[in-house]
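I opened the model to look up its charged pairs, its nonpolar core and its aromatic rings, and I kept the entries in the order in which I made them.

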Amino acid sequence: MPRSRARRPGAQELLGFAAAGLLAYAADLALFVWLRGPVGLDPLTAKALSFVAGCSVAYAGNALGTYRHTTTGGLRRYAVFFAVNIAGALVQLLCILISHYGLGFTSPRADTVSGSGIGMAFATVLRFWGTRTLVFRGEGRVGSWTG
């Protein structure tokens, strides 16, 4: 049977991607809380800065861990990674937009479920696909930082 060109992700790749994402989420959240609290920045500035920091942590985790066996790409690779993450953030916002304004689910809980639950799930799938196919494409994607 001929081998498919698209390689299915292995458990180590999925776990490495998830670990990098969790570290990025923690960095994003911690920086946002610090910038909003003690530093006193407005919420949009704080979120923009924490988003960039979270993207940088996720990129480092994936580049040095999950996809360390791929070819190097430098600044262009980081820019594509950043664009993929912006697309993921837009998916989350779109879910809130549809739920809140389209379907009329306007409670804070509904916004949380649509943005941080459903939206995060869709965004994670998009980010994994984008990271795997657009950013760290190429042969040699084996193992994670634990393998």
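**Charged pairs**

I began with lysine 47, which at 37% relative accessibility counts as partly exposed, where buried means under 20% relative accessible area, exposed over 50%, and partly exposed in between (1.4 Å probe, protein chains only). I note that this is a predicted model, in which local features need pLDDT of at least 70 and side-chain atom pairs count only at pLDDT 80 or more, while totals for chains, interfaces and linings use all residues. Residues are numbered from 1 along each chain as its sequence is written, and side-chain values use heavy atoms, with hydrogens and water left out.

I looked up the partner of lysine 47 and found a salt bridge with aspartate 28, with the closest N and O atoms 2.7 Å apart; the term stands for a side-chain nitrogen of Lys or Arg within 4 Å of a carboxyl oxygen of Asp or Glu. This pair links distant parts of the chain, since lysine 47 sits in helix α2 (residues 43-66) and aspartate 28 in helix α1, 19 residues apart. Helices here are DSSP runs (H or I, at least four residues), as are strands (E, at least two), and both are numbered from the N terminus. Aspartate 28 is buried, its relative accessible area being 12%.

How many salt bridges does the structure hold? I count 2, and I looked next at the one between arginine 132 and glutamate 13, whose closest N and O atoms are 2.7 Å apart. It too joins distant parts of the chain, with arginine 132 in helix α4 (residues 108-135) and glutamate 13 in helix α1 (residues 11-36), 119 residues apart. I checked accessibility on both sides: arginine 132 is buried at 8%, and glutamate 13 is buried at 4%.

**The end of helix α1**

I then turned to arginine 36, which lies in helix α1 and is partly exposed, with a relative accessible area of 38%. Setting aside its neighbours within four places in sequence, I find arginine 36 in contact (heavy atoms within 4.5 Å) with Leu41, Asp42, Pro43 and Ala46. The C-alpha atoms of arginine 36 and alanine 46 are 6.1 Å apart, at a sequence separation of 10 residues. Tryptophan 34 is also found in helix α1 and counts as partly exposed at 47% relative accessibility; its C-alpha atom is separated by 8.6 Å from that of alanine 46, 12 residues apart along the chain.

**Nonpolar core**

Which residues make up the largest nonpolar core? I list 10 residues, namely Phe17, Ala24, Ala58, Tyr59, Tyr67, Phe81, Val84, Phe128, Val135 and Phe136, a core being a set of buried Ala, Val, Leu, Ile, Met, Phe, Trp, Tyr and Cys residues joined through side-chain atoms within 4.5 Å. Helices α1, α2, α3 (74-102) and α4 each supply at least two residues of this core. The core lies between domain 1 (11-66) and domain 2 (84-104 + 114-135), because both give residues to it; the domain bounds come from an automatic or database assignment.

**Aromatic rings**

My search of the whole structure returned 7 aromatic pairs, where rings of Phe, Tyr and Trp (its six-membered ring) pair if their centres lie within 6.5 Å, and planes under 30 degrees apart count as stacked, over 60 as edge-to-face and the rest as tilted. Tyrosine 59 and phenylalanine 136 are stacked, since their ring centres are 5.8 Å apart and their planes are at 25°. That pair links distant parts of the chain, tyrosine 59 being in helix α2 and phenylalanine 136 in the segment after α4, 77 residues apart. Tyrosine 59 is buried at 15%, and phenylalanine 136 is buried at 0%.

Phenylalanine 136 also stacks with tyrosine 67, the centres being 5.0 Å apart and the planes at 10°. Here tyrosine 67 lies in the loop between α2 and α3, 69 residues from phenylalanine 136, and tyrosine 67 counts as buried at 1% relative accessibility. Ring pairs link Phe51, Tyr59, Tyr67, Tyr78, Phe81, Phe82 and Phe136 into a cluster.

**Record check**

Last, I consulted the unreviewed UniProt entry, whose annotation "transmembrane region" covers residues 50-67, 79-101 and 113-130; such positions are given in the numbering used here, feature names are shortened, and annotations may be inferred rather than shown by experiment. Over residues 79-101 I read 100% helix and 0% strand, with the end C-alpha atoms 32 Å apart. Over residues 113-130 the chain is again 100% helix and 0% strand, and the end C-alpha atoms are 24 Å apart.
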